[in-house]
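This report describes a protein model part by part. Look at the sequence and the structure first, then read on.

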Amino acid sequence: MLKTVVLHNVLMETVIRRRRSDSVKMAAGQQWVLVEMVQAFYEAPAYHLILEGILILWIIRLLFSKTYKLQERSDLTEKEKEELIEEWQPEPLVPLVPKDHPSLNYDVVTGPPSHRIIVNGKECINFASFNFLGLLDSERVKLKALSSLKKYGVGTCGPRGFYGTFDVHLELEERLAKFMRTEEAIIYSYGFATIASAIPAYSKRGDIVFVDEAACFSIQKGLQASRSFVKYFKHNDMEDLERLLKEQEIEDQKNPRKARVIRRFIVVEGLYINAADICPLPELVKLKYKYKVRIFLEESMSFGVLGEYGRGVTEHFGVNIDDIDLISANMENALASIGGFCCGRSFVIDHQRLSGQGYCFSASLPPMLASAAIEALNIMEEDPGIFRVLQDKCKHMHKALQGTPGLKTVGEPLTPALHLLLENSTGSRTNDLKLLRAIVDYSLDRQIALTLARYLDKEERFLPPPSIRVVVTVEQTQEEMEKAAQCIREAAVKILK
Amino acid sequence: NMIRTDEHSCNGTLKCHSDQKQQESNSLKNGYHRKEKVQKNDKGDCFHQPRVRGEDSFEEAPMYVAVLTYMNYGIVILFGYFRDFLRAVGLEKCHQAQEREEQRNFVPLYQDFENFYKRNLYTRVRDNWNRPICSFPGPFFDIMERVSDDYNWTFRLTGRTIENVINMGSYNYLGFAENNVDFLKTVAEETRQYGVGVCSTRQELGNLSIHEKLERLVAEFLGVESAMAFGMGFATNSMNIPALVGKGCLILSDELNHTSLILGARLSGATIRVFKHNNMQSLEKMLKESICSGQPRTHRAWKKILIMVEGIHSMEGSLVRLPEILALKKKYKAYLYLDEAHSIGAVGPTGRGVTEHFGVDPNEVDVLMGTFTKSFGAAGGYIAGKKELVDYLRSHSHSAVYATAMSPPVVEQIIRAIKCIMGVDGTTEGQRRVRQLAENTRYLRSRLKKMGFIIYGNQDSPVVPLLLYLPGKVGAFSRAMLKRKIGIVVVGFPATPITEARARFCVSAAHTREMLDKVLQSLDELGDDIKVKFSRHRSSYRPELYDETDFELDS
């Protein structure tokens with residue numbers, strides 16, 4: 001405190017003196033200032049010089065004196081310290097999980113999780129895996145993976161930078177970029193890590209991210225890692241988003257210098273995994289240019305699903321893909337492999353090759369999985385009719401599930417992963433989950449494999465309501481879908497009386 | 001000479017620790033400091049098999065090297081500014097991708113300095129990283145030749161391959177990166193049966209019986225109650241640490257911990273404090289002070305304290321001081337998170353990692369973490385320990401709830417590798433590889449030291465960093481090695497401290513003595529050529545008198 005006061009005094013004094021001399025010889029050039037200062041020094045009265053001398057000494061003393069910190073003053077003796085250490089009892093590393101905890105006992109799948117799936121020993125039709133295009137079971141994909149295995153083995157034993165870049169990685173990146181019609185694509189070895197690494201590569205402390213409340217968990221983790229300032233807008237509510245953008249605009253006008261360095265992003269999902277609906281992309285693009293905000297779009301659910309050629313939500317709306325700054329998606333749903341990718345302009349994407357943490361510091365994708373993804377892309381490109389089939393089946397399933405007593409179907413007709421919610425909640429999440437689980441079990445007994453949508457209750461920013469996931473794939477026949485809808489209806493009638 | 005060697009005769013109970021004598025003698029000789037710090041511990045018998053830890057050496061470079069390194073950076077940075085000036089006035093063409101015309105009035109996406117480093121420093125040596133390969137990363141690999149027509153801004157594949165390059169860069173410690181059809185038979189079968197994906201999470205419908213089989217095997221291999229496997233090593237850390245600690249908890253993290261550990265710690269919301277690398281005094285001081293003063297501001301007692309360390313450090317090659325840390329953790333009631341990414345399979349008489357290396361019971365470590373990427377030639381990671389721990393993770397791990405489960409063929413590769421190491425496949429191949437790796441490691445390390453290179457780390461660590469210091473030598477070294485058909489990894493700032501750029505070799509059980517000899521011979525010549533034999537600790541170097549039996553392990 002004292003230090004600043006003294007410094008302040010000295011500064012004030014210099015300023016005052018400068019002003020005085022300025023007023024005396026305003027017209028003189030800058031070179032006179034020094035001369036004047038020397039002159040002023042001679043002209044100054046002795047008491048003034050002494051006072052300033054004392055002040056300077058005082059400052060030097062303050063600068064070199066030991067800083068006085070309250071926290072460091074620990075008067076504890078060694079013995080007291082030992083006692084404190086002795087007394088301290090930590091909590092157990094992890095709390096005990098009750099044996100009947102709903103998420104402790106997993107359903108066990110024996111054999112491949114394909115169209116026909118064996119869950120807990122019961123053979124069922126799969127309505128739960130995100131195998132939208134049925135590529136998990138594709139012989140062609142398997143054969144490609146096998147030939148890749150024969151050449152490369154399994155692991156890459158290194159990150160991309162250190163001999164973990166294989167020719168198949170380069171090929172897959174090129175193919176993805178071509179498929180999405182963007183300049184560049186970058187692949188990650190884990191779907192979850194893709195957007196979670198991409199966001200903090202660009203958005204840093206002090207930047208602002210506008211996020212939809214329904215954003216999935218990996219987006220939330222990416223935001224947390226970025227340490228940026230996060231503003232949530234109501235799900236798919238463009239007015240609410242614009243309100244936030246306007247607020248920010250007013251804030252910027254107050255401090256335009258700061259505003260010039262704050263990056264802003266809108267992070268949305270193409271097709272929300274938690275809400276099963278599509279983002280209003282054209283409006284978002286309008287807002288983007290109006291408020292100069294960049295858009296990051298997460299398309300894990302919409303890639304290979306929406307659009308005439310499966311390019312996702314940009315194609316669905318006919319939005320120019322270059323208007324989206326970054327698109328990220330995983331290769332674990334429609335492509336039925338492992339990993340994820342980001343695509344966009346090279347100006348944006350290339351940055352991740354040095355700054356994407358999940359890219360730089362992790363071993364690269366096993367080549368056989370990359371090869372499988374390439375073959376899956378081949379199939380998608382050769383037979384774009386598949387997307388139409390999927391979309392028709394989605395609409396059919398959506399319709400078939402309408403009017404299930406006690407259950408609400410959440411999601412748009414084009415969504416391949418719907419949610420079934422309880423119409424009337426019991427008021428407790430645990431009981432709701434139990435009821436829904438009973439419906440899942442009922443269906444499992446009747447050859448329909450469903451699953452609850454799982455969340456970490458305490459970690460989610462906005463916890464979605466409990467629901468059953470119903471996934472549509474191209475492999476499901478009309479009859480199977482009817483059967484599933486019928487089965488769910490029966491279960492609902494029986495269990496939700 | 002300025003040499004720092006820490007020798008530990010055995011375990012360190014805390015009593016031993018405080019009794020230790022430190023001898024420090026500083027003398028000026030030829031203008032250099034000589035500093036030797038020897039820690040002597042009394043013999044204690046708190047651990048089952050006291051074991052010689054071996055030496056961790058971190059010889060410091062001569063002063064002139066540090067001066068030259070800073071000068072080197074200074075010159076490159078000055079040139080960078082000069083060239084940026086040329087680019088600004090349009091005398092030099094700018095090759096960097098540019099912002100779209102429509103978005104020029106947006107806030108710039110990148111800050112200037114980040115790009116300055118990339119544009120003016122990294123680009124000069126960019127060809128030494130991301131070299132694409134087109135074979136499996138075994139003891140040899142084939143590198144796809146690239147050329148740049150615009151001074152490293154872009155690369156063009158020529159279509160030629162540089163064949164049979166000796167691979168000193170991949171983390172293929174036990175040689176399980178292989179494409180032998182017989183070895184991969186089961187993996188191929190699983191691929192045929194399952195395909196490659198899972199399309200669901202573990203908690204939904206992606207929990208395959210082979211995942212559970214793998215987890216039982218991992219637990220058995222490690223000698224603990226239970227284990228859980230995850231699809232990515234990096235994410236194993238970053239997505240599970242937040243499940244273990246949170247607000248009101250304290251994480252004591254080694255200063256050189258891997259990014260994934262740091263990210264996990266940051267995401268957890270716990271308070272993070274950093275202790276000096278492998279420095280027990282620093283750790284103990286921090287433990288003591290933290291417990292005594294409690295949480296900042298409120299001074300409430302900490303909920304729990306988690307110590308996070310790595311078994312073998314991937315850039316330093318150092319080995320964790322496990323017995324000492326265990327003693328400290330017990331004394332201060334902290335928990336220990338041990339990341340064995342580079343040590344599982346790679347050390348210990350039967351490849352079970354640092355716990356086995358030191359002869360401590362793996363159950364004493366609270367959280368055993370490791371990856372399948374390295375020694376097992378697959379992908380993913382695991383967390384193992386008490387059943388309560390793993391049960392908790394099964395229900396609360398971010399990865400189990402939100403990430404797609406592991407690919408079945410990858411799972412099978414891990415199972416096959418672990419079975420091989422454990423010998424349950426009916427062969428001794430796994431154990432042969434573990435021994436071979438240990439032999440190769442000692443051989444390469446001691447020969448390099450004798451040649452006069454500064455080599456960091458522990459004698460048993462298959463991660464062998466060779467210090468180059470000057471950024472100018474980094475590129476030259478790597479290129480010259482590639483010319484001799486040896487693929488190495490070089491790293492510099494920001495992955496290492498600014499003055500400690502280095503080359504790193506990863507020894508593999510698949511390396512034969514001939515390969516290592518070829519590497520050593522090339523290194524020897526090159527070390528003289530570009531003058532990177534900085535060690536002043538050189539013992540007599542007479543390769544012809546070399547006694548090979550020295551490197552046979554006694555165990």
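## A serine in a loop

Leaving aside neighbours within four places in sequence, S461(B) is in contact with I312(B), G317(B), T441(B) and R445(B), where contact means heavy atoms within 4.5 Å. S461(B) sits in the loop between β14 and β15 of chain B; strands (E, at least two residues) and helices (H or I, at least four) are DSSP runs, numbered from the N terminus. A polar atom of the S461(B) side chain lies 3.0 Å from the backbone oxygen of G317(B).

Is S461(B) buried or exposed? S461(B) counts as buried because its relative accessibility is 0%; buried means under 20% relative accessible area, exposed over 50%, and partly exposed in between (1.4 Å probe, protein chains only). In sequence S461(B) and E102(B) are 359 residues apart, and in space 53 Å, C-alpha to C-alpha.

## About the model

This is a predicted model, in which local features need pLDDT of at least 70 and side-chain atom pairs count only at pLDDT 80 or more, while totals for chains, interfaces and linings use all residues. Residues are numbered from 1 along each chain as its sequence is written, chains are lettered from A and ligands numbered from 1 in the order in which they are written, and side-chain values use heavy atoms, with hydrogens and water left out.

## The two domains of chain B

Chain B is divided into domain 1 (59–167 + 429–535) and domain 2 (181–422); such bounds come from an automatic or database domain assignment. The C-alpha centres of domain 1 and domain 2 of chain B lie 29 Å apart. Domain 1 of chain B brings 18 residues to the contact and domain 2 of chain B brings 20.

The two domains of chain B bury about 1,500 Å² between them, 60% of it on carbon and sulfur atoms. Buried area is the accessible area (1.4 Å probe) that two parts lose on being put together, summed over both. Q431(B), V434(B) and V463(B) supply 28% of the area that domain 1 of chain B buries against domain 2 of chain B, more than any other three residues.

The count between these domains of chain B is 1 salt bridge, that is, a side-chain nitrogen of Lys or Arg within 4 Å of a carboxyl oxygen of Asp or Glu. The side chains of E316(B) and R502(B) meet in a salt bridge at 2.9 Å, N to O. On the side of domain 1 of chain B that touches domain 2 of chain B, α14(B) gives the most, with 7 residues.

## The two domains of chain A

Chain A is divided into domain 1 (104–135 + 384–496) and domain 2 (154–382). Their centres, taken over C-alpha atoms, are separated by 27 Å. The contact takes 26 residues from domain 1 of chain A and 30 from domain 2 of chain A.

About 2,400 Å² is buried between domain 1 and domain 2 of chain A, and carbon and sulfur atoms give 65% of that area. The count of salt bridges between these two domains of chain A is 0.

## Where the chains meet

In the contact between the chains, 116 residues of chain B touch 116 residues of chain A. Together, chain B and chain A bury about 10,100 Å², 65% of it on carbon and sulfur atoms.

How many salt bridges are there between chain B and chain A? The count is 6. In a salt bridge, the side chains of E99(B) and R294(A) meet at 2.8 Å, N to O. Helix α11 (residues 387–396) of chain B gives the most to the side of chain B that touches chain A, with 7 residues.

Note on methods. Polar contact = N/O pair within 3.5 Å; in protein donor to acceptor, adjacent residues only side chain to side chain.
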